Amino acid sequence: MDYFKPQMDIAEVNAVSMLGLAHIGDGVYELLTRTMLCSRGNTKVTELHRRTVAIVNAPAQARAAERLLPVLTEEETAVFKRGRNTKVNSVPHKADIGEYHAATGLEALFGWLYLLGRTQRINELYALCTEEDYGT
């Protein structure tokens with residue numbers, strides 16, 4: 001298996017728990033963010049970290065999810081909602097429960113798309129997530 005380009009079938013991906021999908025989706029979203037920021041030019045690592053944290057946190061991801069909902073397919077919406085409705089054990093102190101659930105739904109969706117190998121769709125959605133605040 002090429003772990004940079006997984007292409008699991010739908011049954012395999014749907015067998016992964018929602019929190020498992022959110023776990024991989026969190027990494028995908030952060031890697032996309034780090035890549036976007038680095039591609040914009042040479043910046044000090046402390047500034048890269050500050051900008052990454054501003055984009056990859058529950059409140060920012062919840063806002064991004066709101067922008068995505070109108071353009072998601074029925075299947076993508078179902079994955080987002082299942083991720084959003086998953087029981088979580090804790091919430092970061094800088095987010096409320098609603099933001100954290102929305103962020104978990106977003107991460108689950110990105111994890112689901114990644115494991116299916118749908119990188120073009122990930123890029124389309126990520127651009128929508130960041131265009132308003134970061135002009136991608």
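Student: How should I read helix 2, and what span should its 22 residues have?

Tutor: Since this is a predicted model, we check its geometry against expectation. At 1.5 Å a residue, helix 2 (residues 18–39) should span 32 Å, and its end C-alpha atoms are 31 Å apart, which agrees. Just after helix 2, Gly 41 takes a positive phi of about 130°.

Student: Which residues of helix 2 are buried, and where do they lie around the axis?

Tutor: The general idea is that an α-helix has 3.6 residues a turn, so residues three or four places apart point the same way. In helix 2 the buried residues are Met 18, Leu 21, Ala 22, Gly 25, Val 28, Tyr 29, Leu 32, Thr 33, Met 36 and Leu 37. They cover an arc of only 160° around the axis, which puts them on the same side of helix 2. On the other side of helix 2, His 23 and Leu 31 are exposed.

Student: How many aromatic pairs does the structure hold?

Tutor: There are two aromatic pairs in the structure. One of them joins Tyr 29 and Phe 110 edge-to-face, with 5.3 Å from centre to centre and 80° between the planes. Because Tyr 29 lies in helix 2 and Phe 110 in helix 6 (residues 97–115), this pair ties together parts that are 81 residues apart in sequence. Phe 110 is buried, with a relative accessible area of 0%, and Tyr 29, at 2% relative accessibility, counts as buried as well.

Student: Why is the pair of Tyr 29 and Tyr 126 described as edge-to-face?

Tutor: What decides it is the angle between the ring planes, for which edge-to-face requires over 60 degrees. The planes of Tyr 29 and Tyr 126 stand at 75°, with the ring centres 5.3 Å apart, so the pair is edge-to-face. This pair links distant parts of the chain, with Tyr 29 in helix 2 and Tyr 126 in helix 7 (residues 119–134), 97 residues apart.

Student: Is Glu 76 buried or exposed, and which side chain does its own side chain join in a polar contact?

Tutor: Glu 76, placed in helix 5 (residues 74–84), is buried, with a relative accessible area of 4%. Its side chain and that of Arg 121 are joined by a polar contact of 2.8 Å, while the backbone nitrogen of Thr 73 lies 2.9 Å from a polar atom of the Glu 76 side chain. Leaving aside neighbours within four places in sequence, Glu 76 is in contact with Val 71, Leu 109, Trp 112, Leu 113 and Arg 121.

Note on methods. Residues numbered from 1 in each chain as written. Predicted model: local features only at pLDDT ≥ 70, side-chain atom pairs only at ≥ 80, totals over all residues. Heavy atoms only, no water. Helix = DSSP H or I, 4+ residues; strand = E, 2+ residues; numbered from the N terminus. Buried < 20%, exposed > 50% of the residue type's maximum accessible area, 1.4 Å probe, protein only. Polar contact = N/O pair within 3.5 Å; in protein donor to acceptor, adjacent residues only side chain to side chain. Contact = heavy atoms within 4.5 Å. Expected span 1.5 Å × (residues − 1). Arc of directions from axis to C-beta. Phe/Tyr/Trp six-rings, centres within 6.5 Å; stacked < 30°, edge-to-face > 60°.
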